[in-house]
Each structure stands twice: as C-alpha cells, then as structure tokens.
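Dear colleague,

I am passing on the structure below, which you have not worked with before. After it you will find an account of what came out of looking through it.

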Amino acid sequence: MALDLEVNGKRVSVDADAATPLLWVLRDDLKLTGTKFGCGAAQCGACTVHVDGEAVRSCVLPIAAAVGRKVTTIEGLSSAVGKALSQAWIEEDVPQCGWCQTGQIMSAAVLVAEKATPSDADIDACMSGNVCRCATYVRIRRAIHSAAAIAKGGGR
Amino acid sequence: MSGRTLERRDLLRASAAVGGGLLVAFWFPASAEANSLALPKDFVPNAFVRIAPDGAVTVIINKAEMGQGVCTSLSMLVAEELDADWRRVGFEFAPVDPVYAHPGFGIQMTGGSTSIGGMFEPLRKAGAAARAMLVQAAAKRWNVDASECRTEKSTVTHTASGHSATYGELADAAAELEAPKDAPLKDPKDFRLIGRSTKRLDTVAKIAGTATFGLDVSVPGMLTAVVAHPPVFGGKAKRVDSAAALRVAGVVKVVEVPSGVAVVARGFWAAKLGRDALEIEWDDGANAGLSSEKLRADYAALSRTKGLTARHDGDPDGAFAAAKQVLEADYELPYLAHCPMEPLNCVVDLRTDSCEIWAGTQFQTVDHAAACAVAGLKPEQVKLHTTFLGGGFGRRANPASDYIVEAVAIAKQTGAPIKLVWTRTDDLRGGYYRPMWHSRIRAALAANGALAGWAHTIVGQSFIVGTPFEPFIIHDGIDGTSVEGSADTPYAIPAVHVDLHTTQVGVPTLWWRSVGHSHTAFVVETFLDEVAHALGEDALALRRRLLAKEPRHLAVLERAAGAAQWGTPLPAGRARGLAVHGSFNSFVATVLEVSLEHGRPRVHKAWTAIDCGRIVNPDGIVAQLEGAVGFGLTAALYSEITLRDGCVEQSNFHDYPMLRINEMPDVEVILVGSHEPSSGVGEPGVPPVAPALCNALFALTKKRIRRLPIRREDLTA
C-alpha cells in the first residue's frame with residue numbers, strides 16, 4: 001500500500017506493507033543507508049533514527065506508525081546539536097569500523113538536546129542501548145561531553 | 001571505487017599473462033600506461049599511489065578497513081616518503097590483483113595484525129619512487145640538478161633558482177618518466193608524519209552515514225536474498241515447500257543452494273517474511289547429536305591423555321616427581337562468534353560472461369577464486385570490489401568464502417543482481433567460531449620455591465587443516481595457531497611440556513581476534529597467578545623474575561604496573577589484576593582494577609601498555625588498545641556459543657550480549673616506544689584482558705575462575 005511519510009523534511013510516498021519496519025523502507029526504498037541494520041530486535045541501536053524528535057529503533061517500528069510524524073535520519077541531522085556532535089566525533093576520532101556510529105550519534109543527539117550538560121550517568125542511561133563491538137565507548141563518552149560544551153558555546 | 005582504478009585493472013587483465021587461474025604479477029611502468037590510455041590525466045607511478053593534476057593524492061589500500069585504521073596508517077606510510085600535503089591525501093580500496101598480495105602469505109588478505117609490519121617498507125618505497133619522479137620532472141623542467149630540489153607538502157622547490165611547483169602541476173610530466181629502481185628512503189629521524197597522531201581519513205564519511213559498507217551497496221534491478229540455513233551444521237534440506245513463501249508480497253523466487261534455501265525478494269523485509277513462511281524438512285546429518293556438555297566431557301577426558309608434543313624442554317617428568325608441591329587445574333573456553341556489527345552480506349551482479357561482486361572481505365584472493373569457481377567464469381571476468389567492513393575480527397577471512405559462495409550460488413539461479421543479507425541470528429548461528437578449548441595445566445614447585453616444571457595439554461579443533469594455510473602453519477601435526485601463546489611461553493621455566501590434541505568436531509571454526517592467544521593467554525596468565533599465590537610471591541614480582549631475560553615483556557609490565565600503582569593500597573572492595581602477553585610480535589601488559597557490584601564484576605579502570613615496535617599512528621594504536629579492553633571484557637563476561645541437539649542456542653544480543661557503555665572502564669593506554677620493526681596492534685591488546693580480570697577477581701573473592709564466560713557462582717563463596 002502507498003504510505004506518505006516525512007523524512008528529513010521531505011514528503012515521500014512509499015509502496016510498502018504497513019508492518020514493514022521503518023528501517024527497511026529507509027534503506028531499501030529511500031536508499032538512506034546511513035541508518036544501519038544490526039539486530040532487527042531493538043537490541044543494538046544501530047538503526048536509531050528520530051521520530052518527532054525521539055530516538056527510535058527503526059528496525060522494530062512499523063512504517064504505519066511513522067505516518068504523519070517527522071522522521072529524521074543521520075542524513076538529515078542538521079541541528080546545532082548534530083553539528084556539535086559531528087565536530088566532537090571528529091575531534092575525538094571516535095569511529096573504528098564505524099557501523100554503529102550513526103546510531104550512536106542519533107541517540108546522543110537526543111541526549112544533548114535534552115540535557116545541556118549530561119552527566120556520566122546520563123550518558124550511561126541514554127547510550128547503553130547502542131552497542132559498539134569495537135568498544136569505542138571511551139571516546140563516545142568524551143565526544144558527548146565535548147559536543148555538549150560545543151553546543152552550549154554555540155548558543156543553541 | 002572509482003572507475004579509473006577498474007580501467008587500469010582491466011588494462012592489466014588484458015595485458016598480463018593468464019594461466020592456471022592465477023594472474024601473473026605485473027605492473028605497467030607509468031609511461032607505458034600513459035601511452036595505452038587516451039587521456040592520462042593522473043600520475044600513476046605504481047600500484048599504490050595516484051596523483052591527479054589538481055594535486056589530490058590517492059593511496060590505494062590493499063587491506064580491509066574493518067576499524068583498525070589501515071586506510072589512515074597505510075596512507076601515512078606513502079605520504080611520509082612522498083612528502084605529500086596530508087590535507088590532500090585520500091584513499092581507495094584496491095581491486096584484486098597479485099600486486100596487492102600480502103608480502104608474507106602471497107595472497108591479498110588482511111589478518112594476523114600484519115598490515116603495518118608487512119606494508120611498512122613497500123608503501124614507503126612506493127611513496128619514495130613517486131617523489132623521485134616528481135623531483136626529476138621538476139628538475140628537467142627547470143633544467144637544474146634533481147639533488148638540489150627539496151620537497152614538502154606536495155611541492156618541489158629549487159631554492160637557488162626560486163622555482164617551485166606543486167605535485168599536481170608536475171603530474172603530467174612525471175607520468176612520462178621511468179620509475180626509479182630504488183629511490184632512497186628517509187632516515188626515521190626525518191619522519192614528519194610517521195609517529196605523529198593523525199586523524200583517521202574515514203571518520204567524516206562514517207559519521208555522516210556516507211561510507212559505503214557491503215550492506216549499503218545497491219545496483220539497478222537488485223533483489224535481496226535471505227537464506228534459511230540448516231539448523232544443524234552440515235544438514236541438508238530434504239523437502240522444501242515454498243508455496244507459502246511465494247505468496248508473500250514481494251517474494252520473487254525460492255532457490256535451493258548447497259548452503260540452504262534462499263528466498264529472493266524485492267527488499268529485505270519481503271525476503272525475511274518469505275523465509276519465515278518456508279516449510280522445510282531438514283536432514284540433520286551427522287552432527288544432530290552435538291552438545292556442548294558432551295563436548296566438554298569428551299575434551300576433559302582427552303586432556304588426561306598424551307597429545308602430540310608441541311614443546312619439550314628439560315625434564316618435566318623429573319621436575320614433577322621431585323616437586324614439593326604440584327598445582328593442577330582445568331580450564332574451559334567456549335566457542336565464540338565474531339559478531340561484527342554489520343551482519344555478513346554480499347552483492348553479486350552476475351551476467352553471462354562477467355560478474356561483479358561487492359563485499360566487505362579480509363580475503364580478496366580466496367573469495368575471488370571461490371567466486372570464479374561457483375560462477376564458472378575466468379578470473380579476468382570476475383571483479384571483486386572491497387567495501388568498508390562493519391567489523392571483521394577474522395570472520396571475513398574465511399578459507400571457505402562461505403557468504404561469497406552462497407551469494408554467487410543464489411545469483412546463478414536468480415537472473416538479477418542480488419544482495420545476500422544475513423540477519424544477526426544467521427550470523428550467530430552461522431558457524432566459523434573461535435574454537436572451544438580445554439586446557440589441563442600443571443606446575444611443579446620445588447622445595448626451594450622455584451617454578452621447576454610446567455605441563456600444558458591443549459584440546460581443541462584446528463581451522464587450518466584442509467586449507468591452503470596448512471603448509472605455513474601446521475608442522476609435525478601441530479597447528480601453530482592452537483598452541484601459540486603457550487608453546488612459546490617466554491617464562492624462564494627449566495622444564496616445560498606442551499602437547500596438543502586436535503579434535504574433529506562438526507562445528508566450523510575460524511580465527512577470532514588474537515587467534516590462539518585468545519585462549520592460551522587466559523590459561524597461562526591466570527595459572528601463573530596461582531603459582532605466585534602458592535609461592536607467596538607477588539604476581540608482578542614473579543613475572544619480573546621469570547621474564548628477566550625478556551626486556552620487551554618487562555618494559556610493558558613495568559609501565560602498566562607503574563601507571564596502575566601496583567602494590568599500593570586500594571579502597572576496600574577493590575582489587576587489581578595483572579597479565580602480560582606477547583602476540584603478533586607485540587607485547588602488552590594490562591592491569592585492571594575491579595570490584596563487585598550486585599554480585600557482578602565491575603571494571604573501573606584499565607591500564608594497558610604496548611610495545612609494537614616503531615609507532616606509525618599513536619592515537620590509532622591507543623584506539624585499538626581501548627577497544628581491545630572492551631572486546632576482551634565482552635568475551636570474559638558474556639560470550640559463549642553453545643550447542644544442544646546439534647543446534648546453536650544463541651540467537652541475538654539478548655543471549656550473546658556485548659559490553660555496553662555503562663560497563664566500559666576508563667582506559668589508560670601507555671605506548672612504549674621502540675626502534676624494533678612495526679608489529680601488530682589490532683589483536684595483541686585482547687589476550688591479557690580476561691586473565692587480568694580473573695586475577696583481580698581472585699584477589700577479591702579468593703576464588704579461581706577457570707571457565708569463561710564468568711559465571712555468577714564463580715564469584716560467590
């Protein structure tokens with residue numbers, strides 16, 4: 001069936017079964033491959049996107065549930081917080097294999113947008129749903145603290 | 001991958017002699033290539049570097065980038081000798097060609113933590129040759145002596161005449177020159193880039209989501225394939241009812257391949273639903289009865305018998321007969337999945353007389369040959385593009401090329417390009433695990449307090465038998481990867497016996513980050529702690545004594561222990577553990593500080609010191625060592641693949657958990673500089689982690705942990 005979505009500020013129409021997870025519509029239909037597949041069961045966070053500003057595991061969100069809501073993927077993360085995270089991620093040289101990193105950043109973007117100065121405990125709580133097999137966690141933590149500082153300095 | 005590389009490669013293919021399925025190593029000198037191509041815009045002095053008229057320097061990476069940072073560190077080697085402006089340096093992955101073969105193994109591959117060590121000279125030479133040609137082109141243009149020219153930041157300068165030209169401006173002229181036979185290399189004291197922390201070249205693409213991994217590849221008309229694999233290794237489909245699967249919207253076809261039953265559909269989700277709807281009766285075959293519990297018992301029994309001798313020093317029998325005290329212990333380690341974050345996948349565009357493949361692979365030559373065989377095509381008809389790898393850890397270096405073979409086999413029956421996608425469950429249940437191991441180990445303590453004898457019996461599978469690596473690695477029946485880290489133990493013990501039972505079990509196994517060291521270091525380093533405890537000696541003091549003639553082990557040991565303030569008091573409920581281990585020609589010592597929280601280990605901090613010879617990219621090494629701590633802790637705390645009735649029990653991250661950010665300790669990495677040749681970095685950080693953890697836990701609980709992953713009952717009195 002034809003479903004109308006708003007992805008990264010653009011209205012798109014996709015022909016998909018209503019139960020299809022958002023992840024596969026993004027990747028297979030819209031070719032937005034920055035959102036990654038890791039587990040298909042909301043256990044690893046590689047597929048994290050924003051739906052109406054909330055971090056959502058797109059591998060388990062039926063596409064029907066995204067209709068009428070604003071979907072943002074890594075390709076559309078253009079907020080000041082998103083830019084601060086990119087800058088911090090580059091400064092800390094966070095990624096190794098890189099597969100999980102877009103999901104990490106999408107989770108971190110919600111955290112930093114909600115908490116101007118996230119504590120280590122905030123980071124633990126918000127980021128423990130995102131697995132990194134390369135275990136870049138030390139740098140993810142540093143980059144989040146640093147991005148929060150950048151975002152504040154930049155006058156959000 | 002740019003079209004240009006492929007064109008050059010096609011040129012090679014067409015011109016190089018082809019025989020016996022192997023391409024003859026051959027590379028056109030730049031001038032010949034220039035004459036052969038209509039518009040030679042770029043300067044291509046050799047197979048590893050290309051300079052465009054706009055000054056862009058492209059380094060051709062003949063290794064898999066799976067997180068270890070080779071696209072940056074290998075580019076640094078070329079750029080150093082080239083005196084390239086680092087801001088203009090980029091990279092692309094090499095096509096499959098003998099010129100890109102591993103200097104030691106003779107095939108194009110990434111493994112054994114050998115990328116920097118193996119390519120240190122060849123890539124510097126490639127950069128130096130290119131530089132020499134650019135200088136020569138400039139000297140010719142200015143009519144000056146080349147020896148009076150100097151280079152810096154992609155510019156040739158002749159101070160006396162005031163001339164200067166960028167590499168881009170010189171590219172065309174340099175392309176007309178013959179490559180020098182042996183351009184001189186820099187004295188290491190003149191390095192400007194090697195040894196300096198350099199930002200990764202792939203970070204920006206990876207965080208923007210634009211880096212292309214195998215799973216991100218898309219070709220026009222492509223369909224997605226998901227495969228139902230037999231639930232038991234070696235099983236076969238006896239009867240397949242695909243009617244329901246074919247009724248799923250988007251499902252195009254169901255095809256049987258040797259490895260299972262594939263559902264081919266428009267997109268992953270339809271393919272997955274189609275697979276769910278398949279009705280298959282399996283013939284489980286010979287492995288239907290496999291069970292971890294049975295294997296554990298079998299291995300334990302075998303460890304009581306004599307295996308093939310891997311090392312025999314002195315008189316171990318005499319040492320044990322004369323011992324005042326004999327310590328003995330059994331260690332058990334499970335099958336482990338590599339579990340790269342990007343599940344296995346492969347894109348195949350198979351035509352009548354050609355085939356293009358895109359895959360994240362560590363094993364280009366092997367995968368290419370396997371694809372040719374399945375496709376029934378000649379080597380020059382098959383192009384394999386290496387993408388970024390969303391993790392490898394050895395899984396994507398498979399002598400059986402399992403996911404490549406499967407994808408080509410499906411494509412053969414499909415009539416359209418296909419993308420094979422494995423789910424996480426397929427990955428965890430797909431075999432090729434780190435083998436399960438049993439160790440029986442004994443130590444003879446003499447009356448004078450000396451560690452007089454040591455005997456270690458190892459039981460487990462070989463993943464080398466039957467592969468082309470056999471002649472390199474198996475000697476006198478001993479698979480070197482089974483006993484490495486034990487048979488070559490550096491501890492000064494007068495009598496040592498190490499023997500091996502190589503088992504045959506129907507579970508496919510493979511190298512897993514740090515290979516044999518992943519089990520031997522755990523056994524040796526925790527058992528040595530038992531020896532220290534029995535002797536009433538400090539763990540560091542005992543190692544110092546037994547490693548007195550091993551300066552590189554000692555140096556990392558001292559640095560890690562020093563940084564961790566080994567021996568100083570800790571708050572109640574905290575303890576430290578220590579381990580040191582050499583692997584892949586590097587040396588790592590790790591100290592962990594731990595406590596128990598809610599009955600589970602909590603690692604607060606790790607100090608890890610590495611001597612990996614000459615350092616190329618310091619921050620890259622730090623990153624690998626940080627990651628190795630997390631990787632090692634995951635295995636020690638959580639990882640185990642178990643079998644019941646022939647089936648793997650684990651299916652996703654809920655039962656094959658990974659360490660999470662809230663469990664990750666702070667890590668302090670200490671780089672111990674040395675002038676030895678550059679050696680491994682990706683793997684050597686892993687082996688000391690589990691023993692350091694268990695040694696620390698013993699200090700807390702007085703209970704020895706001899707089986708991984710750690711069980712809650714191992715921590716309570």
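This is a predicted model: local features need pLDDT of at least 70, side-chain atom pairs count only at pLDDT 80 or more; totals for chains, interfaces and linings use all residues.

The largest cavity holds about 130 Å³ of space, and its lining is made up of 16 residues, among which B:Arg434, B:Ser518, B:Ala635, B:Ala690 and B:Leu708 lie nearest its centre. Rolling a probe the size of a water molecule over the atoms is what shows where empty space is left.

Turning to how chain B is built, its division is into domain 1 (3-208), domain 2 (214-285 + 344-421) and domain 3 (292-335 + 433-715). The centres of domain 2 of chain B and domain 3 of chain B, taken over C-alpha atoms, are separated by 37 Å, and the contact between these domains draws 10 residues from domain 2 of chain B and 16 residues from domain 3 of chain B. Between them, domain 2 of chain B and domain 3 of chain B bury about 950 Å², with 77% of that area on carbon and sulfur atoms. On the side of domain 2 of chain B, B:Phe233, B:Phe393 and B:Pro399 supply 61% of the area buried against domain 3 of chain B, more than any other three residues.

What kinds of residue does domain 2 of chain B present where it touches domain 3 of chain B? They divide into seven nonpolar, two polar and one charged. Between domain 2 of chain B and domain 3 of chain B there are zero salt bridges, while two residue pairs are in polar contact, both at pLDDT 80 or more.

The other interface to look at is the one between the chains, where 55 residues of chain B are in contact with 48 residues of chain A. Chain B and chain A bury about 4,200 Å² between them, and 60% of this lies on carbon and sulfur atoms. From chain B, the residues B:Ile207, B:Met341 and B:Ile661 supply 21% of the area that the chain buries against chain A, which is more than any other three residues.

With best wishes

Technical notes
Residues are numbered from 1 along each chain as its sequence is written. Chains are lettered from A and ligands numbered from 1 in the order in which they are written. Side-chain values use heavy atoms; hydrogens and water are left out. Domain bounds come from an automatic or database domain assignment. Contact means heavy atoms within 4.5 Å. Buried area is the accessible area (1.4 Å probe) that two parts lose on being put together, summed over both. A salt bridge is a side-chain nitrogen of Lys or Arg within 4 Å of a carboxyl oxygen of Asp or Glu. A polar contact is a pair of N or O atoms within 3.5 Å; within protein, one must be able to donate a hydrogen and the other to accept it, and residues adjacent in sequence count only if both atoms are side-chain atoms. Ala, Val, Leu, Ile, Met, Phe, Trp, Tyr, Cys and Pro count as nonpolar, Asp, Glu, Lys and Arg as charged, and the others, Gly among them, as polar. On a 1 Å grid over the protein atoms alone, a cavity is a set of points where a 1.4 Å probe fits but cannot get out, and a pocket is an open set with protein on both sides within 12 Å along at least five of seven lines; lining residues have an atom within 4 Å of a point. Grid points are joined across faces, edges and corners, and a volume is the space filled by probe spheres set on the points.
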